[in-house]
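Hi,

Here is the structure I promised to pass on to you. Have it open while you read, and I'll go through what turned up in it.

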Amino acid sequence: MNALDFIIANSPIFAVAIPLLGAFLTPIFGRINDKLRNIFAITIMIITTSIVFILAYDVITNGIRTYIFGAQDLTLPVVRILFEVDAMSSFMAIISVVLALVALIYSWAFMKENTGLDKYYTLLLLMTAGMLGMELTGDMFNFFVFLEITSISSAALVAFWINKGKSVEAGFKYIVISTIGALFVLFSVALFYGQYNALNMAIIAHSIQFSFLDKIALVLLIGALAMKAGIVPLHMWLPDAYSKAPSSITLILVGVTQASLYGLLRVCFTIYGKMITLSSISIGWILVLFGIVTILLGVIMAIAQSDLKRLIAFAAVGEIGYMILGIGTGLVTMSPDISAAGLTALKGGIFHIMNDALDVGLMFLVAGAIFYATRETSLDRLGGLARNMKYTTVFFIIGLLAVSGLPPMNGFASKLLIYESTYQLNPILAIIAILSSILLLAIFVKVLHSAFLGPALPRFNEVKEVPKSMLFAMAIIAGMIIIFGIFPDIVVNNIVEPAANALVDNAGYISKIMSLAGGA
Amino acid sequence: MDKRSIAAVLSFSVVAVFFIFTVLLMHPFGAPDSTAMDDDIISNAQTETGANNAVTSVVFDYRGFDTLGEATVLFTAVAGVVMLFRRLKK
Amino acid sequence: MIFNFPFIAVAALIIVGLYAVVFRKNLIKMIIGITIIESGVNLFLITLGYREGSIAPIYTSSPGGIMSLPVPQALTLTSIVIGVAVLALMLSLVIHIYRHYNTLDVRKIGGGEE
Amino acid sequence: MSGMSKIVKTITNVAIPFILIYGIYVIAHGHLTPGGGFQGGAVVASGLVMIMVAYGSVWTMEKIKEKNLSMLESLGAFCFILLAFLGLVFGSVFFNNYLVGSNSLFGTVPAAGSGLADISTAGIIPLMNFAVGLKVIAGLFAIVLVMAYAITKKEAKE
């Protein structure tokens, strides 16, 4: 067995264990030298990223991968924890590691003047490990543990600027919400365990009876995970946390909400897959409704904001609505059989997960750059920055076009899929979605006007362009936005379509484990 | 009562009803429905892990990865608390 | 019904905790509510593992007989440690909130300085 | 806060060795009797917290810096994940209990059924117990110490 085979064979565990190992060692490196610690953290993240890409390539070409902890082979009953990685998991894992890597590069200059950076980098790596664990695991209790790792580290990082009361308050709100959510998840896990004596997702999905207790567990799980994913009406923590955290952390928080959304999809499509296919029309319409409400509320609230980061946060709420709308439309049109139109909508929703991460992420990084240069995020006091911050302005315009879904950016590619399929379902829904996008464009053009254009303000005469590492981080995301916008087919055909197929194929997910364990 | 507290009362009572239903529908205390996984652990723990304490064999062997996660949670909390009480000036 | 008393205790603990989280205005009381919910969930896990007349699943000097289920005990251990970690972080955040606003009342926190 | 009265300090001095030994016993016998790394670590950490209460957090912070505790905790966590990686190296799977049945230290398997067992059983479980114990001692003590120190400092300033 050569080295590459060894890495491929163990890639699911390396993807989680290497950032964990890095997090445990970061304080030791931090004691030696600050620069060494930064280089160490970035190296760990580059290794993790490449391993996740290897894993994703392997999963997409060879099908579902499993990894059993502590034993070579699997026997029934499944007592050990196992990772089960399908195309959807690897798709989410790619988004998470890319966001984390960009955030680390961005942090180098952005966080330089702060104290407590040893812990900052440790928590950042832990957050990444937590997200990856949530996305790769095939065990319900393990999912809960990683959910808690992610929430604790994010809450601590949201409150990073402890000298600001609002940051601490946002961190507290976030930890209370996520703890209650996590306890509901744990209660549902206990309900599954009490009925089926199993913790493995595939085994639960195999033996689930849809008793009344299962329905209670479903409601609790959906409530808890929707709360963490920021779906209206459970979004109240999200604008606070997004706008008060350091911008690099906000970028990963976008990934954290999406990991929760992934958990929601995993619960609905895999564990309750059989029930979903039976009543997919009603569940799909519920999702469509929530999607539309989320879009409208996010966009309308964004109009009234005068703080740049808060404005982007509400726009992010709106973007979450588009994903839900796409997935809900997919469910409605998919019954009774998997049809091409339903799959298109589902692909649109899933592709939009990636695009939302990039678009909103770029906007937050630009807001962070403005804050770094001027120490200001209030739109009333900003103005004329385009003269001194040329590159940042360009990145803002790219982000603006992408968020509001205009060609040739990636936001257009996924929103077009969503509009198309929603129009077939009901034209009014598509019109609402399109109008909201136009409204978003108007809002961001106003921001462009008030922050970057207009007369030069004398107190911003000394403002300089942000350091190169921050520009580089923004350039990575902007580059991906443009590439995915011009050639959306590369991504859609190679990553998104397998993910959509894997999501609806819950029989394949279950039979993989059953055949491995030698059962029926 | 303003809108907020009405929403709070509503959501609280809905969730409370869920938990009450759970209690009414649970299997009788002391008689679990199925115990296949745990029986497997009880009978194999000594030979497979060499530990006389079946709970420890679950914690560190069968579900060892959870314990790594749990240790990480504690590590995260310590890092978070130390970070929150750091000195602000260098 | 009387034999399901542990499950009734679970529901009572969770509902009391939720009540404290939703209706109390003091941050410390909210945190106490969360820990009560957590105790309820932990109790639920541990009661799931009990079999009538069983002994602890430990072979050292065991009197013999059927053993209670080991997995819920391991899960509860994990969940308790996670609870401690969350509690520590929540309390540190509350200390900072108190330093900034000089109050623990949710209605008076927020607004004002930026 | 410069600690409590002389009576408390003296009684702490007397009680501490017993608490520490009991905690270490719980850690070391985790695979045989109820207990383990977390439980024993919590016992030892509460003993250390008792010292902190008796002598004051400022005094304790001067003796044991929180940086050292962080380092110790990192070490414990690192040992734990290292043991898991050793399972990958020697047993070809992450978290493999590769020592069981190897007849080396901790490698023996106890007789089936109820009865007493040697402490040298259960493979990597006792080693993991020690790693987790170290981590929990350092971690819990660090949390309490840092929080108490921060509050004391603030009160002294006002």
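Let's start in chain A, where H16(A) passes H19(A) in a left-handed crossing. Keep in mind that this is a predicted model. The axes of these two helices come within 10 Å, and the angle between them is roughly 35°. On the H16(A) side, the contact is made by A:Tyr391, A:Phe395, A:Ile398 and A:Ala402. H19(A) answers with A:Leu471, A:Met474, A:Ala478, A:Ile481 and A:Ile482. Sorted by class, that contact has 9 nonpolar residues, no polar ones and no charged ones.

H19(A) has another partner to look at. Helix H15 (residues 340-374) of chain A and helix H19 (residues 468-486) of chain A have axes that come within 10 Å and cross at roughly 155°. That makes H15(A) roughly antiparallel to H19(A), because angles over 145 degrees are counted that way. The crossing of H15(A) and H19(A) is left-handed. H15(A) brings A:Leu358, A:Asp359, A:Gly361, A:Leu362, A:Leu365, A:Val366, A:Ala369 and A:Tyr372 to the contact. From H19(A) come A:Met470, A:Ala473, A:Met474, A:Ile477, A:Ala478, A:Met480 and A:Ile481. By class, this contact holds 13 nonpolar residues, 1 polar and 1 charged.

The largest nonpolar core has 336 residues, and the members that touch the most others are A:Leu362, C:Ala85 and C:Leu89. Which helix gives the largest share of this core? It is helix H7 (residues 165-196) of chain A, with 20 residues. If you're curious about C:Leu89, look at what surrounds it: leaving out residues up to four places away in sequence, C:Leu89 touches A:Ile152, A:Ala155, A:Ala156 and A:Ile175 in chain A, plus B:Ala77, B:Gly80 and B:Val81 in chain B.

Now for the chain-to-chain contacts. Chain C puts 37 residues in contact with 38 residues of chain B. On the chain C side, the elements giving two or more residues are helix H1 (5-23), helix H2 (27-48) and helix H3 (70-101). H3(C) gives the most, with 13 residues. The class count for that side of chain C is 28 nonpolar, 7 polar and 2 charged. Chain C also meets chain D, with 13 residues of chain C in contact with 13 of chain D. There, the chain C side divides into 8 nonpolar and 5 polar residues, with no charged ones.

Next, a pair of helices in chain B. Helix H2 (residues 36-49) and helix H3 (residues 54-62) of chain B have axes that come within 10 Å and cross at roughly 65°. H2(B) and H3(B) are therefore roughly perpendicular to each other. Their crossing is left-handed. H2(B) makes the contact through B:Ile41, B:Ile42, B:Ala45 and B:Thr49, and H3(B) through B:Ala54, B:Ser57, B:Val58, B:Asp61 and B:Tyr62. These residues divide into 6 nonpolar, 2 polar and 1 charged.

In chain D, have a look at D:Gly47, which lies in helix H2 (residues 37-55). Is D:Gly47 buried or exposed? It is buried, because 22 other C-beta atoms lie within 10 Å and 20 or more is the cut-off. Setting aside neighbours within four places in sequence, D:Gly47 is in contact with D:Ile16, D:Ile19, D:Leu20 and D:Gly23.

- A:Pro407 and A:Pro408 are joined by a cis peptide bond, with omega about 5°. A:Pro408 is in the loop between helix H16 (390-403) and helix H17 (410-425).
- A:Asn197 is not a glycine, yet has a positive phi of about 55°. This residue lies in the loop between H7 and helix H8 (201-207) of chain A, and A:Asn197 is buried, with 23 other C-beta atoms within 10 Å.
- A:Phe210, also not a glycine, has a positive phi near 55°. A:Phe210 sits in the loop between H8 and helix H9 (212-229) of chain A and counts as exposed, with 12 C-beta neighbours inside 10 Å.

Cheers

Conventions:
Residues numbered from 1 in each chain as written. Chains lettered and ligands numbered in written order. Predicted model: local features only at pLDDT ≥ 70, side-chain atom pairs only at ≥ 80, totals over all residues. Contact = placed C-beta atoms within 7 Å. Nonpolar A, V, L, I, M, F, W, Y, C, P; charged D, E, K, R; others polar. Axes fitted to C-alpha atoms, helices over the stretch in contact; angles between N-to-C directions. Helix = DSSP H or I, 4+ residues; strand = E, 2+ residues; numbered from the N terminus. Parallel < 35°, antiparallel > 145°, perpendicular 65-115°, else oblique. Left-handed = near helix turned anticlockwise from the far one by under 90°. Core = buried A, V, L, I, M, F, W, Y, C linked by C-beta atoms within 7 Å.
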